[in-house]
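Please consider the following structure from its overall make-up down to individual residues.

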Amino acid sequence: CDYEWGQHLKMAADEAGFGEREFAAIAAGADAAGRTEAEAALIRAADGIYVDAFVDDITWQTLTAHYHERQVIDVVFLVSNYLKLAMGLNSF
């Protein structure tokens, strides 16, 4: 959702110094250079939810090697809720 992306870019840049370069790195995907295994797994989880509507077993195992299972469940719900919001905003 262009609106969400733009709003988060502005908020993150203003509040945390997270800017265009960092957002471009996210857009580059899970296999971008310099990405940690945990970072790549988070991006794969988001991509899996977006494309296939679930997190595959390998990604789930990688995430739970780095995060508590409750945190991984939070990731699934966070991504799912933002996807739902994006669909609504794109429609409006």
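In the protein chain, 38% of the contacts with a separation of 6 or more are accounted for by residues 24 or more positions apart. The model under discussion is predicted. It describes a protein chain of 92 residues, of which buried residues make up 25%. The chain holds five helices and zero strands, and from the N terminus on its elements run α-α-α-α-α. Along the principal axes, the C-alpha trace spans about 35 × 30 × 20 Å.

The description of the packing begins with helices H1 and H2. Helix H1 comprises residues 2-16 and helix H2 residues 20-27. The two pack at an angle of about 135°, and their axes are 10 Å apart. Because an angle counts as roughly antiparallel over 145 degrees and as roughly perpendicular from 65 to 115, H1 is oblique to H2. The crossing of these two helices is right-handed. On the side of H1, the residues that take part are Trp 5, His 8, Leu 9 and Ala 12; they meet Glu 20, Phe 23, Ile 26 and Ala 27 of H2. By class, the residues of this contact divide into six nonpolar, one polar and one charged.

H3 and H4 pack at an angle of about 135°, with 9 Å between their axes. These helices are therefore oblique to each other, and their crossing is left-handed. H3 contributes Glu 37, Ala 38, Ala 41, Leu 42, Arg 44 and Ala 45 to the contact, while H4 contributes Thr 59, Thr 62, Leu 63 and His 66. The contact of H3 with H4 has five nonpolar, three polar and two charged residues.

Two residues show this contact from either side. Ala 41, leaving aside its neighbours within four places in sequence, is in contact with Thr 59, Thr 62 and Leu 63. Thr 59, placed in helix H4, touches Ala 41, Arg 44 and Ala 45 when residues up to four places away in sequence are not counted. Is Thr 59 buried or exposed? Its relative accessible area is 5%; since buried means under 20%, Thr 59 is buried.

H3 also packs with H5. The axes of H3 and H5 come within 10 Å and cross at roughly 50°. That makes H3 oblique to H5, and the crossing is right-handed. Here Leu 42, Ala 45, Ala 46, Ile 49 and Tyr 50 in H3 meet Val 75, Val 76, Val 79, Ser 80 and Leu 83 in H5. The residues of this contact divide into nine nonpolar, one polar and no charged. Leu 42 and Ala 45 are among the residues of H3 that take part in the contact with H4 and among those that meet H5.

The nonpolar core can now be considered. The largest nonpolar core has eight residues, namely Ala 41, Ala 45, Ile 49, Val 55, Leu 63, Val 72, Val 75 and Val 79. Which elements give two or more residues to this core? They are helix H3, residues 37-52, and helix H5, residues 69-91.

Val 51 is found in helix H3. With a relative accessible area of 59%, Val 51 is exposed, because exposed means over 50%. The C-alpha atoms of Val 51 and Glu 4 are separated by 18 Å, and these residues are 47 residues apart along the chain.

Ala 53 has a positive phi of about 70°, although it is not a glycine. Its relative accessible area is 63%, so Ala 53 is exposed.

Conventions. Residues are numbered from 1 along each chain as its sequence is written. This is a predicted model: local features need pLDDT of at least 70, side-chain atom pairs count only at pLDDT 80 or more; totals for chains, interfaces and linings use all residues. Side-chain values use heavy atoms; hydrogens and water are left out. A nonpolar core is a set of buried Ala, Val, Leu, Ile, Met, Phe, Trp, Tyr and Cys residues joined through side-chain atoms within 4.5 Å. Buried means under 20% relative accessible area, exposed over 50%, partly exposed in between (1.4 Å probe, protein chains only). Helices (H or I, at least four residues) and strands (E, at least two) are DSSP runs, numbered from the N terminus. Contact means heavy atoms within 4.5 Å. Axes are lines fitted to C-alpha atoms, for helices over the stretch in contact, and angles run from 0 to 180 degrees between N-to-C directions. Angles under 35 degrees count as roughly parallel, over 145 as roughly antiparallel, 65 to 115 as roughly perpendicular and the rest as oblique. A crossing is left-handed if the near helix is turned anticlockwise from the far one by less than a right angle, and right-handed if clockwise. Ala, Val, Leu, Ile, Met, Phe, Trp, Tyr, Cys and Pro count as nonpolar, Asp, Glu, Lys and Arg as charged, and the others, Gly among them, as polar.
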